[in-house]
Amino acid sequence: MFRTKRIARCLLGATLAFAVLFFNNEMVDAFSDQVIQKGATGDDVVELQSRLQYVGYYNGKIDGVFGWGTYWAVRHYQYEYGLEIDGLVGDDMKAKLASTTDYDKAFVTKALNEGRKFSHYGGTPKDIQKGPKGSADKQKQKKKAAKGGEAQQPAPNQPETGNEQEPIIEKANNVPSGYSSNDIQLMAQAVYGEARGEPYEGQVAVAAVIVNRLNSATFPDTVAGVIYEDRAFTAVADGQINLGADETSRQAVLDALNGQDPTNNALYYFNPDTATSGWIWSRPQIKRIGKHIFCY
C-alpha cells in the first residue's frame, strides 16, 4: 500500500518535472533572449508583431520594425495582462505571449519573403490574411503614387517566382557576428542617452565601456544585462534610454564592437561635474574625453 503510494508520488513528480521542462523549452524557443524595444528590427520583432496580431492587439503591417504602432500594441497587451507597462518586451511578456498566442514561423517567413501584405494574423483564415503575392510591393506603389511620385511598374511578362524579391524584414547593417540587431539598437540608445552632444570619440568611448563590461567576468554577459544592471547607467535611471538613437550613436557602437576603444579598456566613466558617488572617484582614472572621465 505504502509502496504503491510512493511509486505514484514519484511518477507524479516526474510528470510535473517533464511538464515544467517542456514549458520552459517552449518559452526559450519563442524569442531570443534579448529585450525587444522601440527601434529594434529583425526576426524577434516579426514574431512579436505576429503574436500581438494573433490576439488582436496589433493591426499594422508585419514588417519586423518596432515602431510606434508596435510600441502602443505592446503597452496595451501589458495593461490587459497585468504586466509592467513600459513598452519593453522582456522575459515576462515573452512568456505570456508564448502561452496566449500561436506563431507559425514558417508561414510568416515565407509570406514576407514573397512580398505578401498581411491583413491580420490569427483569427482570419490564412488564405485571406496572407494577401496575393507581391501585394506589399503594390501597396508601396500606391502610396508613392498618392504622394505624387511615379510608381515603378513591374516589368511585363515577369514571372512571379517569389524567390527574386528581397525579404521585407529590415535588419541592421554591418553587425558583427554574435550581436543581434536588438543588441545594436539598445547599445545605440544607451550611447545616445549617455553621450549625445559629446565628441564622436566620446560616444565611441561610452560604447567601448559597454563592450568591455561584456568581456569582463564581473559583469552580465548579455547587452541587455549590462545596460539594465541596477544603477549601471544614468540614462536607464532617468529614462533617457527611451529617447531612441541616431545614426552617429549607432556608428559609434559598430566602431566599438569592431575593436575601437579610446578608453584603453575602461570599465567605468563619470561626469566630474555631476557625480555624487564617492566610490566612483576612488577608481583608477585613465583619461578624460569630453565631459567624461574613464577609469578601471
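**Close-up 1. Where α2 meets α4 in this predicted model.** On the α2 side, the residues in contact are L48, R51 and L52. Their partners in α4 are M93, L97 and A98.

**Close-up 2. How the axes of α2 and α4 cross.** Here we're looking at α2, residues 43–54, against α4, residues 91–100. Their axes come within 10 Å and cross at roughly 50°. As for handedness, the α2 and α4 crossing is left-handed.

**Close-up 3. The packing angle of α8 and α9.** Next up are helix α8, spanning residues 181–195, and helix α9, spanning residues 200–214. The two pack at an angle of about 130°, and their axes sit 9 Å apart. That makes this pair oblique as well. The crossing of α8 and α9 is right-handed.

**Close-up 4. Side by side: the residues joining α8 to α9.** From α8, the contact takes in M187, A190, V191, E194 and A195. Facing them from α9 are G202, Q203, V206, A207, I210 and V211. By class, the α8 and α9 contact comes out at eight nonpolar, two polar and one charged residues.

Notes. Residues are numbered from 1 along each chain as its sequence is written. This is a predicted model: local features need pLDDT of at least 70, side-chain atom pairs count only at pLDDT 80 or more; totals for chains, interfaces and linings use all residues. Side-chain values use heavy atoms; hydrogens and water are left out. Axes are lines fitted to C-alpha atoms, for helices over the stretch in contact, and angles run from 0 to 180 degrees between N-to-C directions. Helices (H or I, at least four residues) and strands (E, at least two) are DSSP runs, numbered from the N terminus. A crossing is left-handed if the near helix is turned anticlockwise from the far one by less than a right angle, and right-handed if clockwise. Contact means heavy atoms within 4.5 Å. Angles under 35 degrees count as roughly parallel, over 145 as roughly antiparallel, 65 to 115 as roughly perpendicular and the rest as oblique. Ala, Val, Leu, Ile, Met, Phe, Trp, Tyr, Cys and Pro count as nonpolar, Asp, Glu, Lys and Arg as charged, and the others, Gly among them, as polar.
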